[in-house]
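Thanks, everyone. I'll walk you through one structure today, starting with charged side chains. Please look at the screen.

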Amino acid sequence: MTSQSTQNNTIETEATQAATFPIASETTNTDQQQTSERPNKYLYPPFAGYSGERYLDSILQQILPNALSRTWRYAVDFQAPGNPCYVGAARISQRVKPGTRKIEIDLHEFEGRGLMSRYAARLPIMQEDGTFVERAVVVKDFTSLYGLAYEYHLWTQSPEYIPPEREYADLILGDPQLYQKLIRFDNYRRMLICAKPGRKPQPKETHISYQCQLPPDAQVFVPQQEPRTNHLTTNNYINTPANISSPYRESRREENLPENTLHSTRNLEAMAIRKAPIVQQPETEETLQNIETRNNIVENQEEGTKTEVSKSKQIETPQKKEIAPEAAKEEKEYTIEELKQNPMAMTAFLLDLHAQQIQQPKPTKRSQKSQPQRKKRGTPEQLAQYIAYVVQQLGGNPKFQQSDITRITKMYWAATQIFNGFTNVWFLDMIKEVFIETCRTRGVKRRVPYFFKCLEDKLELTADELAFIRSQEPLYKDGDITAFKTKLIKTYEQSGTHLEYIEWVQQNYLPASKV
């Protein structure tokens, strides 16, 4: 009885309070209705509410470049539900890292793609004191962007959906209509247009062992169609071969020469070299015409330079033929007047003179003296193999591997002169210790230069010893570090600099290296 009376009193008290404060109950009901009827600023039902906004953001990150999706995200943060988006580029740049210019470029890109429209309007703007004042603003309408995102949402839910992966590229490219639809989404565009990043797979020897080993008769032949171009007028761009005759064309085959030329030049070399008389051939009308033409050409060439003699080679090609012993006995020496009267003899003489000039070596100047070449030292095979392994493990560029081997060779031969009791085992142990230390060190971007720097520090080399190593002297057998230091000290004394010896060497011979 006591509990029932207590519940009745509580109910009566709540009813009395509700009757006493009707404004509170009405306000609570009104807020619940407004919350349930909150406007959707993204227009489509899948994008309503907080979860819908996050879903829309994930879609835009896929179908837009990162810069555009970022600019949209910070722009709509200033947009209240039920109001248009009118925030400026300067205000957006205050909340995101890129400057105002980059935000303006992104907004222009939105307009260029047709995903946003801008127009001027007067809207009531709330002030700090709570009052509203109408101001002129530029509204940014993303309705087309939301439509594209909703279309992508429907595409992902459809049974014809194809994931944006490179394995399905051929399936998309085979359907032109589907290609034009999906090329608007940035994730599909990258997959269809851009090449696959990274290294291309290289063929290996193990791949050959898996090929078919059956004889050709037992294999199943599958005809493969060769790829053809889609351009139907490719023949219009093919260069036709130019088979026209040219005065500079020279025939190398005897059968291409006319018979008259062969008969007229058969004993030409014998006359020019051994001064043998020419065996006359029976002349025909065509032969006489050819001889007259050659005589006119030779007369014009007598007043020219020796470079014009090569053109006569195109007209008459002398053919070598052994002369009989009787003809060799009847050798005759021609004078200058006789050569002028005989054009054929003049032509052969000039050709022979030109050939002799080509075969003679060029005379050397008297001032040029033959200097003995310095003998170089080689790289020990074990050292070359070890340093190649070290550089490869440290991620060095294979293009500079020979340079790294040359550098360690210089240090090796210099160390043989610097350290007493030098041994190959000791030097390889030093390289091994520095290599392990370099591998364990973190935060080093260029490990190969860092390895050589640590090796120089490990050997405790002085400035002039480092200068000797950086020079080419260690690679020669006559390179002496003592003579190099003496020469370096003399150069320092003659320079008259105010720097100390070590500072002067570091400034002139040891440029700072970036590690």
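Lys102 and Asp106 meet through their side chains in a salt bridge, 3.3 Å from N to O. This is a predicted model, so keep that in mind. Why are these two placed to pair? They sit four residues apart in helix α6, which means about one helical turn separates them. Now the surroundings. Lys102 is partly exposed, at 31% relative accessible area. Asp106 is buried, at 3%.

Stay in helix α6, residues 100–112. Arg101 forms a salt bridge with Glu104, and their closest N and O atoms are 3.9 Å apart. These two are three residues apart, so again about one helical turn lies between them. Arg101 is exposed, with a relative accessible area of 57%. Glu104 is partly exposed, at 34%.

Next pair: Arg113 and Glu109. Their side chains form a salt bridge of 2.9 Å, N to O. Both count as partly exposed: Arg113 at 38%, Glu109 at 35%. There is also a network: Arg70, Lys102 and Asp106 are joined by salt bridges that share partners. How many salt bridges does the structure hold? The count is 13.

On to the strands. β1 covers residues 117–126 and β2 covers residues 132–141. They run antiparallel, joined by ten bridges. Tyr119 stands opposite Val139 in β2. The two strands form a hairpin, with five residues between them. In that turn, Gly130 has a positive phi of about 95 degrees.

Last, cysteines. A search of the whole structure finds zero disulfides. Cys194 is partly exposed, at 44% relative accessible area. Cys454 is buried, at 12%.

Methods: Residues are numbered from 1 along each chain as its sequence is written. This is a predicted model: local features need pLDDT of at least 70, side-chain atom pairs count only at pLDDT 80 or more; totals for chains, interfaces and linings use all residues. Side-chain values use heavy atoms; hydrogens and water are left out. A disulfide is a pair of cysteine sulfur atoms within 2.5 Å. Buried means under 20% relative accessible area, exposed over 50%, partly exposed in between (1.4 Å probe, protein chains only). Two strands pair if DSSP finds at least two bridges between them. A salt bridge is a side-chain nitrogen of Lys or Arg within 4 Å of a carboxyl oxygen of Asp or Glu.
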